[in-house]
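Visitor: Please show me the model. I have some questions about it.

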Amino acid sequence: MEEKILLVEDEEGLRLFYQQELEDEGYHVLIAKNGKEAIQRLEQEKPDLIILDIVMPVMDGIEALGRIVGKERKIPIILNTSYPDYRQEFMSWAADAYVTKSDDLTELKTKIRNLLEKGKTP
Amino acid sequence: MKKVLAMVLAGGRGERLYPLTRDRAKPAVPFGAVYRIIDFTLSNCLNSDIRRIYVLTQYKSISLHRHIQFGWNILSAPLGEFVEVIPAQQRVDEHWYQGTADAIFQNIYTLQEERPDLVLILSGDHIYKMDYRKMIAFHMEEEADLTVATIRMDRRLSGSFGVMEIGGDGRIIGFQEKPEEPKVLPGDPEGIMASMGIYVFTTETLVRRLIEDARSGSSHDFGKDIIPSMIGEDRVFAFDFRQGDRGGTGYWRDVGTIEAYYEANMDLISVTPQLNLYDFTWPILTYQLPHPPAKTVWLEEGRVGTALNSIISHGCIISGGNVRRSILSPNVRVHSYAEVEDSILLEGVDVGRHSKIKRTIIDKDVQIPEGTKIGYNLDEDAKRFTLTDSGIVVVPKWIRL
């Protein structure tokens with residue numbers, strides 16, 4: 001079965017780029033433009049993994065992360081950001097993986113695969 | 001000196017203290033005539049030089065909030081000192097606090113802003129005098145991730161406590177939450193080491209463990225979940241209360257029931273109470289209005305205002321009545337020919353002429369009409385008031401008699 005990824009990213013160009021790349025990998029990609037939209041989507045759908053940008057309007061990724069971890073305990077979350085300082089935020093420690101944004105998605109894709117594999121082993 | 005932040009858990013409902021907790025959270029319940037239960041924990045903090053204190057509340061917090069706002073606004077904000085109430089904000093999650101650990105986790109943004117080196121987690125429910133500095137020094141000496149304050153208790157009480165098994169080096173090697181069959185102390189088969197619900201955490205460990213716990217399906221409780229998960233993985237140590245006990249008598253009470261509340265209050269009127277309120281090197285602070293001094297009036301045949309073996313707060317007038325072995329909060333009136341025995345009268349209670357009160361707790365502002373008898377016919381009392389198994393009557397606030 002196709003694995004579902006919820007991609008939370010405010011910048012349209014990047015969103016399309018990630019979406020294309022992830023679909024090429026065979027994933028089904030759900031989209032949210034900010035943290036609030038992500039939480040709303042999670043009420044209807046259960047993705048297998050979440051990729052979360054941090055700096056976004058309406059609701060940022062750290063705030064959304066806090067709300068998501070209490071509710072959706074099992075879904076792995078990758079924080080995907082251009083800013084390395086986020087690790088100062090205690091709540092960022094709740095993520096399962098961290099990726100610094102880059103044009104090369106190798107690292108992101110590896111982390112996605114690892115986390116999804118890990119979820120399958122009981 | 002490490003930067004220490006105290007977080008006082010004050011959300012306890014105290015259901016077994018009903019009706020004293022009908023209108024207030026347990027930490028706000030009056031104790032010892034002029035105090036509230038939480039005053040002991042907050043005073044311990046100040047006396048231990050801990051001046052950055054958050055009080056986490058959720059249920060019925062107005063009374064507590066008011067007490068802290070009026071009575072504890074004594075620190076210096078420009079120096080970075082504060083006693084501040086944080087009501088449940090539902091920022092992280094849209095529910096009430098699920099357990100003690102969840103209460104701290106939901107305030108993770110507050111921890112973030114303070115960024116202390118150590119977090120001292122306390123309960124606002126207990127009465128004791130303790131120097132937390134001793135525990136913090138111990139924590140640092142042992143390079144612990146978590147230090148739990150412990151007290152020896154009778155094994156019969158194991159069903160009410162987290163029971164610890166302690167290795168020779170002081171490390172906690174086993175933890176049972178409210179066990180029927182507890183691990184007893186080596187060489188003391190009637191004793192257990194109980195957790196007092198007082199924790200010193202290294203902040204980073206605390207945050208990591210809280211997050212891990214939030215992402216698990218646990219009950220989000222320090223005793224049930226966090227401590228057991230840390231034993232064997234982190235450096236978890238026990239700190240014996242006797243090393244930090246400022247009273248020197250081992251006094252520590254969880255006044256969780258009306259009986260326990262009554263006994264703990266009554267201990268204060270003994271000649272040498274276990275809890276010494278007169279040690280001015282360890283003052284217990286509270287909020288008090290400037291009431292006039294207590295007085296007794298009338299000294300004539302058959303009408304003498306007296307108070308014997310009792311605590312009488314300011315503002316009280318014993319006007320031709322008799323008070324014995326009782327505790328009177330501020331502004332209590334006992335009118336002529338009335339008798340009050342073995343009772344606790346909270347602020348503003350007015351006992352009318354010829355009334356007789358025995359083994360009764362009367363909550364704030366209750367007016368006892370002339371000629372009323374309470375505590376003499378328990379079957380009758382039980383129809384109107386709360387009556388405990390041991391025969392203590394509790395008259396609730398607001399009641400009209």
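Visitor: How many salt bridges does the rule find across the interface of chain A and chain B?
Guide: This is a predicted model, where local features need pLDDT of at least 70, side-chain atom pairs count only at pLDDT 80 or more, and totals for chains, interfaces and linings use all residues. Residues are numbered from 1 along each chain as its sequence is written, chains are lettered from A and ligands numbered from 1 in the order in which they are written, and side-chain values use heavy atoms, with hydrogens and water left out. A salt bridge here is a side-chain nitrogen of Lys or Arg within 4 Å of a carboxyl oxygen of Asp or Glu. Across the interface of chain A and chain B, the count is 1.

Visitor: Which side chain does B:Arg215 meet in a salt bridge?
Guide: The N to O distance is 2.7 Å. The partner of B:Arg215 is A:Asp96.

Visitor: Which helix gives the most to the side of chain A that touches chain B?
Guide: By class, that side of chain A has 10 nonpolar, 3 polar and 8 charged residues. Nonpolar covers Ala, Val, Leu, Ile, Met, Phe, Trp, Tyr, Cys and Pro; charged covers Asp, Glu, Lys and Arg; the others, Gly among them, are polar. Helices are DSSP runs (H or I, at least four residues), as strands are (E, at least two), numbered from the N terminus. The top contributor, with 7 residues, spans 61–71 of chain A: helix α3.

Visitor: What area is buried between chain A and chain B?
Guide: Buried area is the accessible area (1.4 Å probe) that two parts lose on being put together, summed over both. Carbon and sulfur atoms give 49% of it here. The total is about 1,800 Å².

Visitor: Is B:Ser63 buried or exposed?
Guide: B:Ser63 sits in helix α2 (residues 62–71) of chain B. Buried means under 20% relative accessible area, exposed over 50%, partly exposed in between (1.4 Å probe, protein chains only). At 17% relative accessibility, B:Ser63 is therefore buried.

Visitor: Is B:Pro186 buried or exposed?
Guide: B:Pro186 lies in the loop between β10 (172–177) and β11 (191–202) of chain B. Its relative accessibility is 76%, so B:Pro186 counts as exposed.

Visitor: Which residue in β29(B) stands opposite B:Lys356?
Guide: Strand β26 (residues 356–358) of chain B pairs with β29(B) in the parallel sense, over 2 bridges. Pairing requires at least two DSSP bridges between two strands. Opposite B:Lys356 stands B:Lys373.
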